[in-house]
Amino acid sequence: MAPPERGQASTRRLAALAVVLPAACSRAPAPEALGASGGGPKPAARAAGAGWKLVHHETFDAPFQEPAAWIEDRYGDESPYHVDVFDEDGEFFSARGGEVFREGLRRFRSFRKSFTYGEGGWLTVELYGRDSDRDGVPETGGRFEAVGGKARLVSTRHYDGAILRSTAPLPPRYRVEVTVSNIDFGGLREGSRTHGGKTNGYDGDELADP
Ligand SMILES: [Ca+2]
């Protein structure tokens, strides 16, 4: 796969993207800070190194228990997804884009799903789907599938979003190891950037809107 074109990553272009995570290990000196359950035996840490302890190891063998219903994110400071001035409706973008930006935000509705995964729910899956025609149902949304011991990220539209995060805040010092492969993200194949009905991974109707 060729490296992404400049600016491609910032568009959240994830069409037909498949991210495969056969193993994600978090090693930290303070497992209680991650909410470790201290339950069953942990897989042996490979080359963990002095001073590091494996606190979670996920191999994505269990299916994702994705809830059926999307929850609307109405933005604003009361939103559970409100973060800071750089979040989706953040003051930074509002000040920079002015009424054009705010009008853009009003053109669609945003929906999310959040649910935990893994040992003691140490991972949280965050999914986003955009309702472009404002009928209360997102046309598509990002999601994960557990396939053969791997987490496959499925995103069919550039508005989709899907991430995995730690459920508890990370401690001051930590290491996260992730194995990623098979990213379908455009690029050159046999000398051409057009394949599978897409050009460099783009459908062609993507917009740089909010
Ligand atoms: Ca819709």
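**Figure 1. Glutamate 190 in the loop between β9 and β10.** Glutamate 190 lies in the loop that links β9 (175–178) to β10 (194–195); strands (E, at least two residues) are DSSP runs, numbered from the N terminus. The model is predicted: local features need pLDDT of at least 70, side-chain atom pairs count only at pLDDT 80 or more, and totals for chains, interfaces and linings use all residues. Residues are numbered from 1 along each chain as its sequence is written. The phi angle of glutamate 190 is near 50°, a positive value in a residue other than glycine. Glutamate 190 is exposed because 5 other C-beta atoms lie within 10 Å (a residue is buried if 20 or more other C-beta atoms lie within 10 Å of its own, exposed if 12 or fewer, and partly exposed in between, with C-beta atoms placed from the backbone).

**Figure 2. Asparagine 200 in the segment after β11.** Asparagine 200 is placed in the segment that follows β11 (198–199). Its phi is near 50°, again positive in a residue other than glycine. Asparagine 200 counts as partly exposed, with 17 C-beta neighbours inside 10 Å.

**Figure 3. The open sheet β3-β4-β5-β8.** Four strands in this order form an open sheet with antiparallel pairing; two strands pair if DSSP finds at least two bridges between them. β3 (71–73) and β8 stand at the edges with a single partner strand each, so one side of each has no neighbour in the sheet. Three bridges join β3 to β4, and aspartate 73 stands opposite serine 110 in β4. The antiparallel pair of β5 and β8 has six bridges, with valine 125 facing its bridge partner leucine 164 in β8.

**Figure 4. The hairpin of β4 and β5.** β4 (residues 109–117) pairs with β5 in the antiparallel sense over nine bridges. Five residues lie between the two strands of the hairpin, and glycine 118 in the turn has a positive phi of about 90°. Tyrosine 117 has leucine 123 of β5 as its bridge partner.

**Figure 5. The largest nonpolar core.** Twelve residues make up this core, among them Phe60, Trp122, Phe144 and Ala151; a nonpolar core is a set of buried Ala, Val, Leu, Ile, Met, Phe, Trp, Tyr and Cys residues joined through C-beta atoms within 7 Å. At least two core residues come from each of β5 (123–131), β7 (150–154) and β8 (161–166), and β5 gives the most, with four.
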